[in-house]
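Dear colleague,

I am passing on the structure we spoke about, together with some notes on what turned up in it.

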Amino acid sequence: MSLEVAVAAPFKAEAQDRLGQGEFVVALSLEREWFSPDQAKRLVDVALGRGLLASEDGDLVPQFDPAEVTLPEGFAPDESILREQSTFESALDAVVATGVEKQRAVAAINERQRALAITIEAAAVLYAREQGAAVDRLAADVREELAAEADEDANDTGGPDDAADDSEAA
């Protein structure tokens, strides 16, 4: 996966297990010349969202072993890795990384969505957790999305005061 290779490169070059965001951005933009500084910052956001990096005490910490990642000779990441994946895609990738066949995972996620009457994102995160994938950040995102939707639904349906106003107008 080229995103993982791009994320691993600064840690491998510095032989560090944590880097400040500035060091990480400089490594990708100025030292390797793979991205502009803004693109390198975007890569941080994508990697955090995909669970490849964590932010701890202001430092970026890889959530995988960069030493185990091979950096191919002449490697240059494509800008497409800066595109943020949907929660579903990220959860599916995490499941596939545990060794589950992609088609089987999609079928299982669809079944959970149907059986539990939940969003596809919630079903994907649930299945990913069942498979032992590290999706804590995705789970938090899904919880926030569901809470926001619940708040919107509560505001859209109106409360008891709205019903009283309607009956008085009739």
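Is Asp136 buried or exposed? Please bear in mind while reading that this is a predicted model. Asp136 has a relative accessible area of 55%, and because this value is over 50% it counts as exposed. Its partner in a salt bridge is Arg129, with the closest N and O atoms 3.0 Å apart, and Arg129 is partly exposed, at a relative accessible area of 42%.

Salt bridges that share partners join Arg18, Glu56 and Asp59 into one network. In helix 5, which covers residues 102-116, Glu111 and Arg114 lie three residues apart, about one turn of the helix, and they form a salt bridge whose closest N and O atoms are 2.8 Å apart. Of these two residues, Glu111 counts as partly exposed at 39% relative accessibility, whereas Arg114 is exposed with a relative accessible area of 58%.

A further salt bridge runs between Glu130 and Arg112, where the closest N and O atoms are 2.7 Å apart. Glu130 lies in helix 6 (residues 120-130) and Arg112 lies in helix 5, so this pair ties together parts that are 18 residues apart in sequence. Both partners are partly exposed, Glu130 at 43% relative accessibility and Arg112 with a relative accessible area of 23%.

Turning to the sheet, three strands form an open sheet in the order 1-3-2, with antiparallel pairing. Strand 1 (19-20) and strand 2 (53-56) stand at the edges and have a single partner strand each, so one side of each is left without a neighbour in the sheet. Strand 3, residues 59-62, pairs with strand 1 in the antiparallel sense over two bridges, and Gly20 stands opposite Asp59 of strand 3.

Strand 3 also holds Val61, which is buried with a relative accessible area of 11%. Although Val61 and Leu19 are 42 residues apart in sequence, their C-alpha atoms are 6.8 Å apart in space. Leaving aside residues up to four places away in sequence, Val61 touches Asp17, Arg18, Leu52, Leu53, Ala54 and Glu56.

The structure also holds two aromatic pairs. Phe11 and Phe24 form a tilted pair, 5.7 Å centre to centre and with 45 degrees between the planes. Phe11 lies in helix 1 (residues 2-14) and Phe24 in helix 2 (residues 21-31), so the pair ties together parts that are 13 residues apart in sequence; both Phe11 and Phe24 are buried. The pair of Trp34 and Phe75 is edge-to-face, at 5.4 Å centre to centre and with 80 degrees between the planes. This pair links distant parts of the chain, with Trp34 in the loop between helix 2 and helix 3 (37-49) and Phe75 in the loop between strand 3 and helix 4, 41 residues apart, and both Trp34 and Phe75 are buried.

Lastly, Thr87 is found in helix 4, which spans residues 87-97. Thr87 has a relative accessible area of 12% and is therefore buried, and, not counting residues up to four places away in sequence, Thr87 touches Glu121, Val125, Leu138, Val142 and Glu145.

Note on methods
Residues numbered from 1 in each chain as written. Predicted model: local features only at pLDDT ≥ 70, side-chain atom pairs only at ≥ 80, totals over all residues. Heavy atoms only, no water. Pairing = 2+ DSSP bridges. Helix = DSSP H or I, 4+ residues; strand = E, 2+ residues; numbered from the N terminus. Buried < 20%, exposed > 50% of the residue type's maximum accessible area, 1.4 Å probe, protein only. Contact = heavy atoms within 4.5 Å. Phe/Tyr/Trp six-rings, centres within 6.5 Å; stacked < 30°, edge-to-face > 60°. Salt bridge = Lys/Arg side-chain N within 4 Å of Asp/Glu carboxyl O.
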